[in-house]
Amino acid sequence: MDNAKVFFFSVLVACSGSNVLGLNSEGTHERYDDLLRQQGEEIQVLKQQVALLAETVEKCGCHSSTKEDENRGKRLLSLPTAHPSPQQVAFYAYLTQNIPNLGHHHPIVFNHIHINEGNAYSSVDGEFIAPVPGLYVFSWTLSSPDRKCMESQLMKNQEVFGHLIADACNHDDYAISSGTAVTRLNTGDKVFVRTGSVHSPTLYGSGSLSTSSFTGFLLH
């Protein structure tokens, strides 16, 4: 009788234990299922947010910013700068014939161009127009025949910055005078030679001998 009670109690405990374990196992699976379901929902939400973000980027064109920056850099490099790269600017011109009937402060046009790098000197009006800013050097030479004289001025726009006289007024021989000046020019500044207020009416030009000449160049 006692043995039967013990056996029944053992079976009862075993059945009860198996039910408890079964309940715990089912609860664990349910929690895993809930967690997986929650993570799946979060993944779907993230996918929707990524898709929305991609659409926004496509509309604003932000993906092309790198290419636009490169193009902008190329455009900036192609623009002219305030200080252009060094270039050759030089000219030399002289008179091949006499110039008669010169008045006071009359521009002297050196008609024959020997060299004109940068194309800044004009044999039409005798003016040099600076193509770039910088430090320039100018020199001019004038000849006066027997018993004649010629006062001349080197002009920067309307400013006199050079002056000389070729004076043969009191002797039977030619007089030749030369002057040199250095000045800083801005783009568009004009430099030319003109007569002064004391001179004979004729400036002497001697063919290809270039006894009356005008020259200049960009130093830097």
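Asn 119 counts as exposed, at 64% relative accessibility. The cut-offs here are under 20% relative accessible area for buried, over 50% for exposed, and partly exposed in between, with a 1.4 Å probe and protein chains only. Asn 119 sits in the loop between β2 and β3. Its C-alpha is 8.0 Å from that of Phe 91, and the two are 28 residues apart in sequence.

The model is predicted: local features need pLDDT of at least 70, side-chain atom pairs count only at pLDDT 80 or more, and totals for chains, interfaces and linings use all residues. Residues are numbered from 1 along each chain as its sequence is written, and side-chain values use heavy atoms, with hydrogens and water left out.

Confidence comes next. pLDDT is the predictor's confidence in each residue, from 0 to 100. The protein chain has a mean pLDDT of 77, and 67% of its residues reach 70 or more. Among its elements, β3 has the highest mean pLDDT (97) and helix α2 (residues 65-78) the lowest (56). Helices (H or I, at least four residues) and strands (E, at least two) are DSSP runs, numbered from the N terminus. Over residues 3-23, pLDDT stays under 50. For that stretch the model has zero contacts beyond four places in sequence, a contact being heavy atoms within 4.5 Å. Where pLDDT is low, the predicted coordinates should not be read in detail.

Now the sheet. Five strands form an open sheet in the order β2-β1-β9-β4-β7, with antiparallel pairing. Strands β2 and β7 (175-185) are the edges, and each pairs on one side only. Neighbouring strands of this sheet are turned by 5 degrees against each other on average, direction ignored. Axes for such angles are lines fitted to C-alpha atoms, for helices over the stretch in contact, and angles run from 0 to 180 degrees between N-to-C directions. Two strands pair if DSSP finds at least two bridges between them. Strand β1 (residues 90-94) and β9 run antiparallel and are joined by five bridges. Within β9, Gly 216 stands opposite Phe 91.

Ring pairs link Phe 91, Phe 110, Tyr 121, Phe 128, Tyr 136, Phe 138 and Phe 214 into a cluster. Rings of Phe, Tyr and Trp (its six-membered ring) pair if their centres lie within 6.5 Å; planes under 30 degrees apart are stacked, over 60 edge-to-face, and the rest tilted. The structure holds eleven aromatic pairs. Phe 128 and Tyr 136 have ring centres 5.6 Å apart and planes at 65 degrees, so this pair is edge-to-face. Phe 128 is buried at 1% relative accessibility, and Tyr 136 is buried at 0%. The rings of Phe 138 and Phe 214 are stacked, because their planes lie at 25 degrees, with centres 6.3 Å apart. Phe 138 belongs to strand β4 (residues 134-144) and Phe 214 to strand β9 (residues 213-218), so the pair ties together parts 76 residues apart in sequence. Both Phe 138 and Phe 214 are buried.

One charged pair remains. A salt bridge is a side-chain nitrogen of Lys or Arg within 4 Å of a carboxyl oxygen of Asp or Glu. By this rule the count is one salt bridge. Lys 190 and Glu 127 form a salt bridge through their side chains, at 3.8 Å from N to O. Lys 190 lies in strand β8 (residues 190-199) and Glu 127 in the loop between β2 (112-117) and β3 (128-129), so the pair ties together parts 63 residues apart in sequence. Lys 190 is partly exposed at 34% relative accessibility, whereas Glu 127 is buried at 17%.
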